[in-house]
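Trainee: Walk me through the pockets and the sheet of this model, please. I have the sequence and the coordinates open.

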Amino acid sequence: MTANERPLITIAIDGYSSSGKSTMAKKLARQIGYRYIDSGAMYRAVALYALRHGMITRDDSVNADALQKALPDIRIDFRLEDGAQHTILNGEDVEKEIRTMEVSRVVSPVAALPAVRHALVRMQQELGASKGIVMDGRDIGTTVFPDAEMKVFVKASAATRAQRRLDELTARGEKATFEEVLENVEQRDHIDETRDESPLRCAEDASVLDNSFMTPAQQDEWIMDLYSKTLSSL
């Protein structure tokens, strides 16, 4: 089967924060010629908007009413630049800003709001309507695309994920301690797993990947093998 003969499918990759799912999803999309959609970046963009507009209190509570009213004015898109995907918030490239610890601290409470999830799920479904996409997040295989032909759930230990996140922050010149990052990872896990609206869970028909002790090459080989098996089963 040639590349042009392959059927277009929807690939949903869910999992815990800093589990490496985005890195894996981006590479897979490049390899198979699909569009990559980072749903987590969309929630981060909304969190950044809320921070900029005074909708987050000092104790990191969210002014849900104000944010809900603002949702129609929040436009999120993506742009490729030098092979990398950039998140665009109301016309502004905010890729760097949404990756800070400040945004990481408040993104889960923002993402737990039903109004935010409903709005972004609609956006995500529109982006993936024509298939040929790889989308990663927390509820892609369970809520956004429950009929996706290929579903993956990625996990790793909290300590492993915290170290990965700390390495990313350090590489960008941000200062944080391992303890701070680990606390943030564990808090996000709790919020993601216990929220009422689309909680983080593994879809019954998802393939589970624990990459705690895998190299990037092993991970890439695993998902490409799953992709090939998925196509052959159609």
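**Pockets, cavity and sheet**

Mentor: The lining of the largest pocket holds seven nonpolar, 13 polar and 19 charged residues. Here Ala, Val, Leu, Ile, Met, Phe, Trp, Tyr, Cys and Pro count as nonpolar, Asp, Glu, Lys and Arg as charged, and the others, Gly among them, as polar. This is a predicted model, where local features need pLDDT of at least 70, side-chain atom pairs count only at pLDDT 80 or more, and totals for chains, interfaces and linings use all residues. Residues are numbered from 1 along each chain as its sequence is written, and side-chain values use heavy atoms, without hydrogens and water.

Trainee: Which element gives the most to the lining of the largest pocket?

Mentor: A pocket is an open set of points on a 1 Å grid over the protein atoms alone, with protein on both sides within 12 Å along at least five of seven lines; lining residues have an atom within 4 Å of a point. Helices (H or I, at least four residues) and strands (E, at least two) are DSSP runs, numbered from the N terminus. Elements that each supply at least two lining residues include α2 (39–52), α7 (158–171) and β6 (133–137). The top contributor, with six residues, is α1.

Trainee: What volume does the second largest pocket have?

Mentor: Its lining includes Lys26, Tyr34, Phe78 and Gln85. By class, that lining has six nonpolar, two polar and four charged residues. A volume is the space filled by probe spheres set on the points, with grid points joined across faces, edges and corners. For the second largest pocket it is about 280 Å³.

Trainee: How much space lies in the largest cavity?

Mentor: A cavity is a set of grid points where a 1.4 Å probe fits but cannot get out. The search of the whole structure finds one of 30 Å³ or more. Its lining includes Lys26, Asp38 and Arg99. The space in it is about 30 Å³.

Trainee: Why is one side of β2 and of β8 left without a neighbour in the sheet?

Mentor: Two strands pair if DSSP finds at least two bridges between them. Five strands form an open, parallel sheet in the order β2-β6-β1-β7-β8. β2 and β8 (207–210) stand at the edges, so each has a single partner strand.

Trainee: Which residue in β7 is the bridge partner of Ala12?

Mentor: Strand β1 (residues 10–15) pairs with strand β7 (residues 150–155) in the parallel sense, over five bridges. In β7, the partner of Ala12 is Lys151.
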